[in-house]
Amino acid sequence: MIEYAVQNRSTILEALVQHIWLSLLPVVFGAVLALPIGYLAVRYRWLYQPVVNTGGVLYSIPSLALFVVLPAILGTGVLSPLNVVVALTIYTMALLTRTVADALTSVQGEATRAAYALGYRPLRQLVGVELPMALPVMLAGLRVATVANISLVSVGALVGVGGLGALFTRGLQLDFIEPILIGIILSVLLAAVCDLGIVLVQRWLTPWARLEAR
Amino acid sequence: MTAVPMINYFAYLFDGANWQWAEQGSIPHLLLQHIAYTLVTVAISALIALPIGLLIGHTNRGAFLAINIGNAGRSLPTFGLLSLIVTLVGIGTLPVLIVLVVLAIPPILAATYAGIRSVDRSAVDAAIGMGMRPPQVVFRVEVPMALPLIISGLRSATLQVCATATVAAYVGLGGLGRLLIDGLSVNEYDRVFAGAVLVALLAILLDLLGAAVERAVVSPGVRSPRERRTRTTSKSRTRPVPTAGVSS
Amino acid sequence: MITFDEVTKAFPGGTVAVDNLSLELPTGQITVFVGPSGCGKTTSLRMINRTIEPTSGRILLDGEDIAKQDAALLRRKMGYVIQHAGLFPHRTVADNIATVPLLNGVNKKQARERATELLTRVGLDESMAGRYPAQLSGGQQQRVGVARALAADPPVMLMDEPFSAVDPIVRDGLQKEFLRLQAELGKTIAFVTHDIDEAIKLGDIVAIFRVGGRLAQIGPPEELLEDPADEFVADFVGRDRGFRGLSFLTADDVDVQPVSVAVDGDPRLVLDGDGRPRGWADGSDRVRPIAGTFTPSDSLRLVTDLAISSPAGLAVRVDDHGVADGVVAHEAVARHLTSLRRADEPARTRAGR
């Protein structure tokens, strides 16, 4: 297997690089979009249920279905990477909006009421008090979304845009097991690295969590 | 590729010929196959994962296993595993279904374990102190209280299987995925579209069914606080003050 | 009767929670285990229903070693009430209460009926039967917890800080109800608390534990107040032992003067048309409301308090109809205490607390 890896390293590397940006871009876009929507869903109570329901429905849709339906809606070609990025962004948003909303709701309590009484304005309070407190929960959701995306990108190979998924299709076509194994290993490693990365970011951003007594 | 006018995409879906029951490969046939694969897979995974999750949760031994299998399962590329099994063993329905079962175990196991651990310890203490034997404690107290999380695990496993089964058409499995894969290979995008729409609708329907099951089976006393809040009268809950819209 | 016979509990890691404990919990009485954190009171309680097993020693229930009995069946014979009630959120209040009878095979209808009966017994409205625990307040949940423990009519009740998690006003109400119930039912009760006042208020026998799981003193509450075994007990029981000890003396032997003394005095006692005391009047038109009245069966503590808080220094005694029939001056109380101290065998009776 090592031989195969060495021989085909440029293809493999190309696949890996494509996989990385195909999975991480949607995470970033999805997270950035989920924050305001999640906040609104908490600020305006009546929005919560519709937002969560829509997210639930969107998240139910099988990825392959979304990959092939988006071209019709977006007007892109079926084989365009944009489909995969948009589809995964939709999934990430669907997942994270609820996470953000629930996290913000759960941190409401004495600390936020104290902040309000101290004279914090809403935006400052959101950014300076609520978000930091909600970080652990939100980052946990981010980990789930990232790892899920990394797995889903491979499915894009069926519409020609698969990152490491190309290794799987090649293995199937040629009946070779090596590319498949390499693809799985790299995919799992990538997921582990990203997961660890987020954990480290969490440790860095929330130093108070480590100082708890006991 | 130039964009095809929207209306053409629906051709396959609305062609009556594709809805003939008797036909191999007709929509109803594939639909039923897909439903069957999904439900049978989840049932078998549940049969394996539920007891293990209950045991680990109740005794809290092997927690490491439950948590990490849950995480590991999520990071495995489903398409990769399908390709692997087929390359190893050859094309066939059984190997693929086995992969589907294996992939569905982590979410059910993790959710079951999390559910049991989330149960209020004082209720369990009271149950033991009152004279319930361990199986009674598990099934009369812990499980009913853990049900919301357990069912959410089952629902998420169902969606996952439904989606992966679609992809599995690439390695020869039947079901609605066939429309997608076969359509792609012969450039019949109306067929692809039909498959996508149908499988999306099926997934949504299965999820709604799951929600209905949850409503039916979970005791009203255990529902998530959000749901309960709309039902109970009593204490006024102050809205979260900072987000209640303060003009400053 | 529950007997502890040289019971020790040592946890792996070295902590000795209970150290060679031997004591008796008399049948039909409330025995309170009280002490600071880490004194082993809860551990001792939990060894009675074997939710914790002793490392050495035996515990006997009516002479039988409990270790030899089936643990689950043993527990069904004991009511178990814990802090925060531990109600099952997925069951209605009625089904919660009916838990043990249902476990014992009683049919559903009967069990539910008994549950409703017990609801009223613990002071709750029948309409609560169909509610879920999450819809109840803390105090209500505790009452349901007690009802649940009583459902199978067990001879023994184990109660672990049952009233600690509610606010003082609710707690006071619960304690009074509890004493009323016990007066009706006469169960053998082991009660754990960290609150010495609660222990003195509720216990027929009080056992004070020290940190490290050893018994510091055991006896009726008045004994602990009058005669603490050592400095730890004296400290734990707290200040104003003497004053609190007055709760255990009755007022029936104290010198009583006629009501006219108060009515003609200054400030003077004001009675209404039926002879019931309303308050005290000084030179001005103002009538200060009376702090309270006592009957012969009330405690000396109450009488002393009333005498002290009256502007005339007189406590007013009333009969069954609330009509004033005598007054007691605080000097009379002091004389009474002196005479008690001089007597050889001071008569002590339990007064209403």
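Because the model is predicted, local features need pLDDT of at least 70 and side-chain atom pairs count only at pLDDT 80 or more, whereas totals for chains, interfaces and linings use all residues.

Select chain A to begin. Chain A holds 10 helices and zero strands (helices are DSSP runs of H or I with at least four residues, strands runs of E with at least two, numbered from the N terminus). Its C-alpha atoms fill a box of roughly 65 × 45 × 20 Å along the principal axes. Of its 214 residues, 46% count as buried, a residue being buried if 20 or more other C-beta atoms, placed from the backbone, lie within 10 Å of its own.

Next, show chain B beside chain A. Here 38 residues of chain B are in contact with 48 residues of chain A, contact meaning that the C-beta atoms, placed from the backbone, lie within 7 Å. On the chain B side, helices H3 (63–75), H4 (78–89), H7 (134–167) and H9 (189–217) each supply at least two residues. Coloured by class, that side of chain B has 28 nonpolar, eight polar and two charged residues, where Ala, Val, Leu, Ile, Met, Phe, Trp, Tyr, Cys and Pro count as nonpolar, Asp, Glu, Lys and Arg as charged, and the others, Gly among them, as polar.

Now pick Leu82(B), Val167(B), Ala196(B) and Ile97(C), which touch the most other members of the largest nonpolar core, a set of 206 residues; such a core consists of buried Ala, Val, Leu, Ile, Met, Phe, Trp, Tyr and Cys residues joined through C-beta atoms within 7 Å. H7(B) gives the largest share of this core, 16 residues. Apart from this core lies another, of 24 residues, including Phe294(C) and Leu300(C). Returning to Ala196(B), and leaving aside residues up to four places away in sequence, you will find that Ala196(B) touches Ala65(A), Val68(A), Val69(A) and Leu180(B).

Finally, select H5 (residues 93–117) and H7 of chain B, which pack at an angle of about 160° with their axes 8 Å apart. H5(B) is therefore roughly antiparallel to H7(B), the term used for angles over 145 degrees. The residues of this contact divide into 16 nonpolar, seven polar and one charged.

Technical notes. Residues numbered from 1 in each chain as written. Chains lettered and ligands numbered in written order. Contact = placed C-beta atoms within 7 Å. Buried ≥ 20, exposed ≤ 12 C-beta atoms within 10 Å, placed from the backbone. Axes fitted to C-alpha atoms, helices over the stretch in contact; angles between N-to-C directions. Parallel < 35°, antiparallel > 145°, perpendicular 65-115°, else oblique.
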